[in-house]
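Reader: I have a new model to study. Can you take me through it with questions and answers?

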Amino acid sequence: MRRRTFLKAAAAAGLTVVSPIATTREAKAQAGGLHRGPYFMFIQADGGWDPTSLCDPKGDAEGMNRYATDAIEMAGNIAYAPVANHAEFFQKHFNRLMVVNGIDMSTNGHEQGRRYTWSGRLNEGHPSLGAMVAAKLGPALPLAYITNGGYTVTNGLVAGTQADERSLNAFQKLAYTNRINPDNEGNTFHSEFAMDRIRQAADNRLSDKMEKTKLPRRRKAMDALHTARLGESELKEVLGFLPTDLNNNNGLVRQAQVALAAFKSGLGISVTMRTGGFDTHSDHDNRHIPRLSLILEALDFIFDEAERLDIADQVFVAVGSDFGRTPGYNNGNGKDHWSINSMMLMGHGVPGNTVIGASDPRHRPLTINPTTKALDENGIRLRPEHVHAAIRKLAGIERDPLALQFPLDMGEDINLLG
Amino acid sequence: MKTRRENNMKTNSYLMVVLAIALSTTACEKGVFSLSQDGEEAEYQLPGDDNDTTTDVFGDPTGSDEGCVPNDRFFLREVWTPTVEPACAACHNAQGQAKDTELVLYNSGWGNYIQANYDVMADLALTKRDGESVLLLKATGQISHEGGQIIQEGDEAYARIEAFVNRVDSGMDCGAANDAEFYQDVEFLDGEQLLRKATLSLAGRVPTQAEYDSLATDGIDGVLDRVMTEDAFKARVIESYNDVILTDQFNRNEDAVDLLDEDVFPDRMWYDDMGDDDARNRARRLTNEALARESLMIYTHVIMNDKPFTDVLNADYTVVNPFSARSYGVMGDVTFNNDDDPNEWAEVQVPGMPHAGVLTTPVWLNKFPTTATNRNRSRAAFFYLYFLATDVLKLADRPLDPTQSDLSNNPTLFDSACTVCHNVIDPIAGAFQNWDDEGMYAPRDESWYTDMLPPGMEGSNIGQTENPESLRWLAARTTIDPRFIQAAVHTAYTMMTGDEPLTAPNDPTVASYAAEFRAYEVQYEFFKQVGKKFIESNYNFKALIKEIVKSPYYRAANARENIDASRQMELRSLGTARLLTPEMLHRKIVATTGTEWNVNNRNVLLDTREYNLLYGGIDSVSVLKRMEDPSAVASAISRRMANEVSCLSVPADFGREDEKVLFPHVTMDDTPQSNDAAVRENIKHLHFQLLGQKVEESDPQFVETYNLFNDVWQDGQNNDYGNGIPGMCRSNGVDNDPNYTVRAWMATVSYLLGSYEYIYE
């Protein structure tokens, strides 16, 4: 649809309530620019991970872990659990890593925790951070927000697209919808004239429909279809960057490969990825720690691959989970739900080799001074809102009307990444 | 912790804000909280009420002019929202300072919290001291009240509660509210449009002419009753309930077969001894599918056979087909017409199993696994969500704080921060005690944990003699609970509209609050009345479907004039606008074009290796929610669908020897020059066949389509594209297109298939 026609239709029915960001989308679409960073990757360790087996290590002093407390290792300023292949990761990446410990999730519920970690709000109502960032920085891009699991609520701000290894074959056909065989330019369903004429008639039809439609639900749906169509023709841009080899056994690595290709093509802004298996109420160490290793392996891959694609300085990664796990082990050698959590932030805009916040030996949260960020018994507790405030600031959206629709209830801002 | 004075100040401030809004709003004539003490206002009427003054055979969706304000609606609008929730609920909840009083209120996490709170308040209203209601005496601080004086005689809040007390005292009520005014500027689908929409949605086909004709005599209820006997409706039920319980997670490999304990069901892999590889693989696949779909097939069995929906929990049987019957070892207990037909299902009792509908199926139990420390609590929480419309995790208003809990003193039993949820779920967790962490019936040797509340439900305990059949006990209790009806109504509503029920707005300071509240209370009333129809039908799920189809939410087509922001907020649930799921789009393509979208023998919309997930499908494992808005990728899929399906269907239809689906009025030789009338007639046909639209030649939509056809055809005359149709599109002997009409029709059909009206419901 011609954009002027759309704007006329939108104005005719007043989309301000139905689609508050319509003008934002239009502005970005009219600018027509590809996104050149920063790129945002959000990784959900689904089920509630155990920070004490990763970046908030306690050891066996109070029965918290099976490894010895005095075996806890350091990479720069960052302590980590001396298990599995953790040393390899932390020693290699500590300079781009910030650990945030002692985050109070205020919940033991999976759904609530997942939502709180990635929307910044314990209750329902806020979109995922990935959706918000994509909605601000380029909602009309065809792969603006890649949703491969985890908390992906968009509140209608932007359309999420699943894009993992299963999508690769499809992308070829979808980039060239008029080619019978995507590799054969001359073998088409319709002549070039006919295809252009179909598009023109379709745009006219949708525009006409929008002018006449007044029910908000339908207007919103048409707006979403219009936005989707704007990005449709740009899909071919990503083809040159898609990997041909996607055989890694680690699903996160495969998801990251596709996402990074989308970023490199300029068509992607953010991605949410998920890996599960962390809800280890029994046989905790044997089942849980290998899952942590998969995440560290994926993080290592992300930055190696980003370097290869020459976008490493623009890639920001946040890793989090529903909540933490109880201090010590239950009768089945498992760990149950515990509302104290950690997050790991890496890459673009992150002051590396840094730990903010802490927990006591029984993994209860300690408070910090909001100005100095040092531990302070008269200070405040870290909450997901503080992390979200920092990431919003990093994305440059903290004062944007879009973000202000979804306020963060956190009291003092601690300028986490400042 | 805040002092009582601080709490009172906060409450008073809140009341002032609410009052200010109530007095200043212009969003509706009487304000958001119009004070109605006599309850006689003829303001509300349910949609589709029996007393409707019908304007056509389907009934007036806005209802008649008669009506009144039922007690719960009065309570919601005039008492709970403006007064009790802001002034009382902070203390009078399960974890608040007043948690041990007679007045413990529920929040919106509780299924029918409005009615539940009404009941609690009404009991207190009827309790008198010296002729005065204890409710008023407490709130005014005239008798002992830990919260002190909350309201005073003569103020707005007092008037509201006094009106409530008077209402309860008088015993007055009325059946339904009149919401006709709410829909005054809404346009609705006519009967034929509604029938087409519902039939496509429910059975994946367009209505026959006989069905259109029978509307006048049978009404839409009669036509839909027949539509809902078809196999396609069965598929729709399976999809819809899998969207809820997601047990198709096990519908792959041998995942469902593996759930059966080999010691209990030694024949679970009965097919292993089959000599023929193909036969064995087929049997393995069909057996796993049958076991994976056991819960969904109980829903389907109950609904398709017009059994009371309560049977999904109360059924003392499960359902099997010949394949799963062999795994369960019950082939001797059931008779099939064809022992090799996977579509033949029958009721059966597995020996030794105290069935309780879906609750005792291995896939349901394994969807929500348990552990030694979880002790079925996850099962209990999902039980509440699915069958009692209650989100347990929303019940706590106060967040957890591990530093405040005394972990040494069993917090799930004694800490109010924990008991607010655990007091609710733990008894039901106990009701699952006889089913182990692998979903097998395995009664415990020892009694249930003594450090939890005893097995039961909301204050009622399961007796010792009932214990072996504890889930039957739970099912019987649950299916007489009004929240069970509410859960069914909500599921049916989402199934038909693709939308979630509204929730009550909670911030009266936002500008849209009044409109949001109005939308919520009207929908609340609608659901309540649909629930009554459900009961009257003896819990027939199809009755729910029919009520929703006839409702304004499903029938709304447009507004008569431009509407302002506030009105948009009020009407935001009206008129479906669902991007068709891949499954629904597949059925629509087949129904309207006579062609499947198959490429290389794969249905690309249904196959997760192709477009299924990219177009918003779910895999019940990692992708659990359907896409709401199309992405650019989904848009490209719909574009490719339009191109490929037009390619597959247009030449095929011209070559069809039987009745043509798409081109009954033209031949390949008819051009705008040689037979323009036929071309025009067929364009009208395509609009109706594909989009359900009856267009006249003066209609701009007709003109747009005609011009497209004509332009493409003319372009074919002016350029040499050759005679050949693209190889992939050749079908039924139609290989060449000397007049360039086939390709012009392909362009025309592609245009219509890609339109909003086609890919959305």
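This is a predicted model: local features need pLDDT of at least 70, side-chain atom pairs count only at pLDDT 80 or more; totals for chains, interfaces and linings use all residues.

Reader: Which element supplies the largest share of the side of chain A that touches chain B?

Author: Several elements of chain A each give at least two residues to that side, among them helix H1 (3-13), helix H6 (168-175) and helix H7 (192-212). The largest share is 13 residues. That share comes from H7(A).

Reader: How do the residues of that side of chain A divide into nonpolar, polar and charged?

Author: In total, 74 residues of chain A are in contact with 80 residues of chain B. Those on the chain A side divide into 32 nonpolar, 22 polar and 20 charged.

Reader: Which strands stand at the edges of the open sheet in chain A?

Author: The sheet has 8 strands, in the order S6-S5-S7-S1-S8-S11-S4-S12. An edge strand here has a single partner, so one side is left without a neighbour in the sheet. The edge strands of chain A are S6 and S12.

Reader: What is the bridge partner of Gln44(A) in S7(A)?

Author: Strand S1 (residues 39-45) of chain A pairs with strand S7 (residues 268-275) of chain A. The sense is parallel, over 6 bridges. In S7(A), Gln44(A) has as its bridge partner Arg274(A).

Note on methods: Residues are numbered from 1 along each chain as its sequence is written. Chains are lettered from A and ligands numbered from 1 in the order in which they are written. Side-chain values use heavy atoms; hydrogens and water are left out. Contact means heavy atoms within 4.5 Å. Helices (H or I, at least four residues) and strands (E, at least two) are DSSP runs, numbered from the N terminus. Ala, Val, Leu, Ile, Met, Phe, Trp, Tyr, Cys and Pro count as nonpolar, Asp, Glu, Lys and Arg as charged, and the others, Gly among them, as polar. Two strands pair if DSSP finds at least two bridges between them.
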